[in-house]
Amino acid sequence: MKDIALPEALAGEPFAAEAREGWLAWVASVDHKQVGIMYLIGALFFFVVGGVLALLMRVQLAIPDNRFVSPETYNQLFTMHGTTMVFLVVVPLLVGFATYMLPLMIGARDMAFPRLNALSFWVQIMGGIMLYFSFATGGVGGGAPAVGWFAYAPLSENAFAFGPGVDYWALGLLGIGVGTLTAAINLIATTLCLRAPGMSIRRLPLFVWMILVTGFLIVVVMPILNAGLVMLLIDRLLGAHFFRPGAGGSAVLWQHVFWAFGHPEVYIMILPAFGIISEVIPVFSGKPIYGYEFVAASTLAIAFLSLAVWAHHMFAVGLGHAFDLFFGLCSMAIAVPTGVKIFNWTATMYQGRVRFTTAMLFAIGFLLMFTIGGLSGVSFAIVPIDWQLTDSYFVVAHLHYVLFGGSIFALFAGIYYWFPKISGRMLDERWGQAHFWLTLIGFNLTFMIQHVLGMLGMPRRVFTYPALPGWETMNLISTVGAFVLALSVLIFIVNVAISLRRGAVAGDNPWGAWTLEWATSSPPPAENFLRGVPPVSGRRPLWDLAHPDRADELVMKMAG
Amino acid sequence: MPLGSAVMPGPYSANASTLAPASPQAAAIAHLFVGTLIFLGAILALVSFLVIYAVVRYRDRPGAPEARQVFGSRRLEILWTVLPLVSLAVLAGFMAWTMHVSDPPTGTAKPDIRIIAHQWWWEIVYPRSGVTTANELHIPAGKAELVEFRSADVIHDFWVPELARKIDIVPGHPNRMWLQADRAATYLGVCAEFCGNEHAWMRFLVIAEPPAQFADWLKEQQAGAPPPSTAEAKRGLDLFRDRTCANCHLQSMGPDLSHLATRRTLAAGAIVNTPDNLAAWLRDPDAFKPGSNMPNLKLSDDEVRALVAYLETQK
């Protein structure tokens with residue numbers, strides 16, 4: 001709880017980048033706010049790139065037997081789309097928000113390790129560039145990797161993926177993995193060591209809480225991926241046979257390694273999103289979060305359980321009923337702490353004063369969309385249902401309800417909520433509302449129907465399909481939805497571009513929020529808190545400041 | 001030229017719906033699925049109602065008083081922790097039972113059928129009768145057949161939504177499963193694990209016939225096709241040997257072509273099996289299945305005619 005002061009000689013030195021001009025001020029920056037902004041811009045750039053890949057896929061799938069792209073190209077498209085959205089969009093957006101907001105929310109001046117912070121970003125972005133460089137490789141089997149974001153061996157081994165695409169993929173992900181790992185260590189250290197006086201772990205804003213838990217989750221699982229990638233590279237480049245069944249290796253081993261990372265990764269992408277929702281909903285309901293302890297503790301439960309559910313991706317592998325049953329039960333159990341959160345957020349809005357700002361609309365949208373994704377997720381925990389529906393379009397629908405309807409909706413809520421703090425200007429609300437409704441309509445148009453396609457037997461990762469009854473119409477609807485979604489993103493970009501220049505000036509605390517980041521100017525100065533950090537004696541320091549007679553902890557104590 | 005997908009020929013339903021089960025195994029899963037959907041749908045309806053009610057009823061109105069600052073209710077929170085836990089426990093019971101019904105133990109008996117998945121076609125072997133065929137799996141209706149699955153290269157997955165669970169076909173990890181169809185009918189199957197380039201056209205048919213008819217079919221396949229009689233067909237046989245076709249098609253590197261003329265589709269479901277389509281396929285396989293392992297041998301029109309004449313005798 002105590003503040004760790006920098007030695008005199010060092011204090012201020014990492015912030016010297018301020019003096020530099022132009023782009024160098026950004027490239028050489030170790031300021032958490034600049035690094036955070038670079039994370040966000042990089043991730044939004046890749047969001048557009050990954051979205052374009054998705055549009056190309058939806059064009060190909062608009063009609064049966066389409067020849068718009070070749071199967072090789074299509075397989076590259078979905079491999080790169082998945083890899084991009086997971087590693088270069090959702091995680092960096094969340095890490096970016098954490099990098100920018102976490103030190104402010106705990107009243108710190110910067111991250112615990114500012115240089116490591118910059119390193120994390122640059123390694124991550126270089127990994128992304130390395131990944132995309134694969135498009136430029138030629139020769140037989142050249143081009144981007146075409147093995148899916150899960151890169152199942154032995155399809156990802158030399159014998160079947162001849163080109164260097166998979167090598168670029170593995171090396172790129174290694175870079176991204178190292179960047180994410182160091183970022184997590186930094187976020188943990190910052191949270192544990194640099195909190196303002198009075199901010200105990202039990203008073204942390206929930207976003208910080210969830211970043212802390214996510215940080216530990218990253219530290220536990222990211223090395224598993226990195227190890228797996230190195231093994232794959234040794235197989236491919238040095239002729240080993242970790243994952244080559246013909247030579248004594250095991251194809252199933254890769255699946256264990258990949259999903260032991262891959263499923264916790266899903267929670268790495270959703271827990272910080274829960275954090276954003278846990279900030280936005282209380283503020284725009286005019287009430288504190290309902291059941292702080294339950295929301296925080298359920299996060300721990302989810303993180304812990306997430307380490308024991310990976311093999312629900314492997315029910316079809318044929319590993320025996322006892323094995324399937326164990327992972328099925330653990331996967332079902334994870335629905336309980338997740339359900340607790342949904343109910344607590346709903347209870348927070350109940351009897352509140354709900355303001356329909358764009359941020360809040362996205363948070364409400366998140367609640368409903370994520371519930372759909374969570375519930376279809378329960379059906380995948382039920383082993384026999386998974387045996388039928390895994391690897392069908394039902395999964396495609398499910399995962400997009402979790403990662404788009406969940407993570408991306410929450411991230412948009414976060415962007416509308418924190419944009420004024422970061423830029424000093426408000427995002428236009430009318431454009432914002434248009435953005436929200438088009439996103440909601442486009443998203444559901446694209447993905448709701450895919451549940452049905454999966455039930456009707458359409459497998460995923462196919463570059464084309466026969467014209468079975470209904471498939472044609474449903475795929476066309478999905479493609480139309482994808483373009484509506486693209487339009488909504490375009491509106492968002494226009495909104496950001498215009499609001500950055502002409503948006504209303506935000507002021508310190510435009511939403512009447514209660515956490516420490518709103519106690520400084522917008523955007524905050526390099527030092528974060530020129531007027532000093534307000535005293536922290538509860539979970540809502542700015543509420544306590546405004547209502548000293550009914551400060552949170554006072555009221556709670558009186559209520560017993 | 002009649003291009004396009006081949007899954008519609010013949011008088012059978014071209015569905016591949018998980019909700020139209022045609023075996024006890026698939027029916028068990030379908031019932032559990034429908035039950036689960038209703039249960040989950042009810043939860044979704046409840047949550048949606050609560051959320052929408054909360055935001056509409058308690059929307060900010062001008063002049064509305066400040067919301068009462070409520071921090072939670074231990075009792076309610078325990079309630080909505082325990083209730084889902086109990087209902088999931090019930091669901092877990094159904095799950096365990098359905099697992100047993102939909103995927104009964106396979107024991108140690110010798111399999112009736114062995115399926116070897118290749119990039120991008122299916123080799124089908126009946127070990128007892130020594131019959132080998134491809135891409136069209138014949139089974140006797142009403143009888144459970146024990147099927148063993150092996151992969152020749154990468155991971156594939158055997159999926160016939162109307163008949164059974166999915167089962168991965170993993171190199172170095174043979175799997176077994178009971179396969180059964182209640183009605184004599186044709187069912188659509190597909191590879192459901194991404195396996196490379198032509199994953200989309202790694203389809204197959206399951207043709208369930210009355211047992212007597214199935215026995216006849218098996219006898220026919222065992223007998224071998226009659227030798228070619230016309231001059232053109234004889235020349236086709238020579239070409240089949242000389243133009244390297246045999247190198248793959250007799251070595252399980254491509255589908256076995258004996259009795260090809262009795263099959264309904266070509267190229268693992270990519271095209272309907274007609275003499276015209278066969279000729280077009282021989283001329284340019286990539287036009288139908290780009291990236292497949294069938295090479296374009298740059299055959300002359302003459303050679304194509306002879307090969308088609310020969311292959312059409314393979315009944």
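**Close-up 1. Helix α8 of chain A and its buried residues.** In this predicted model, α8(A) buries A:Tyr292, A:Phe294, A:Val295, A:Ser298, A:Thr299, A:Ile302, A:Ala303, A:Leu305 and A:Ser306; buried means that 20 or more other C-beta atoms, placed from the backbone, lie within 10 Å of a residue's own. Helices here are DSSP runs of H or I with at least four residues, strands are runs of E with at least two, and both are numbered from the N terminus. Residues are numbered from 1 along each chain as its sequence is written, with chains lettered from A and ligands numbered from 1 in the order in which they are written. The buried residues of α8(A) pack against α6, α7, α9 and α10 of chain A, together with α2 of chain B. From first C-alpha to last, the 15 residues of α8(A) reach 21 Å, close to the expected 21 Å, which is 1.5 Å times one less than the number of residues.

**Close-up 2. Helix α11 of chain A and A:Phe366.** Residues 358-381 form α11(A), and 23 of its 24 residues are buried. Leaving aside residues up to four places away in sequence, A:Phe366 touches A:Ile277, A:Gly406, A:Phe409, A:Ala410 and A:Ala413; contact means C-beta atoms, placed from the backbone, within 7 Å.

**Close-up 3. Strand β4 of chain B, covered on both faces.** All five residues of β4(B), 136-140, are buried. B:Glu136, B:His138 and B:Pro140 lie on one side, with B:Leu137 and B:Ile139 on the other. In a regular strand, side chains alternate between the two faces of the sheet. β4(B) pairs with β10(B) in the parallel sense over five bridges, where pairing takes at least two DSSP bridges. B:Pro140 stands opposite B:Glu209 in β10(B).

**Close-up 4. Where chain B meets chain A.** Here 75 residues of chain B are in contact with 80 residues of chain A. Chain B's side draws at least two residues from each of α1, α2, β6, β7 and β9, and α1(B) gives the most, with 14 residues.

Close-up 5. Chain A averages a pLDDT of 94, yet pLDDT stays under 50 over residues 1-17. Where pLDDT is low, the predicted coordinates should not be read in detail.

Note on methods:
Predicted model: local features only at pLDDT ≥ 70, side-chain atom pairs only at ≥ 80, totals over all residues. Contact = placed C-beta atoms within 7 Å. Buried ≥ 20, exposed ≤ 12 C-beta atoms within 10 Å, placed from the backbone. pLDDT = per-residue confidence, 0-100.
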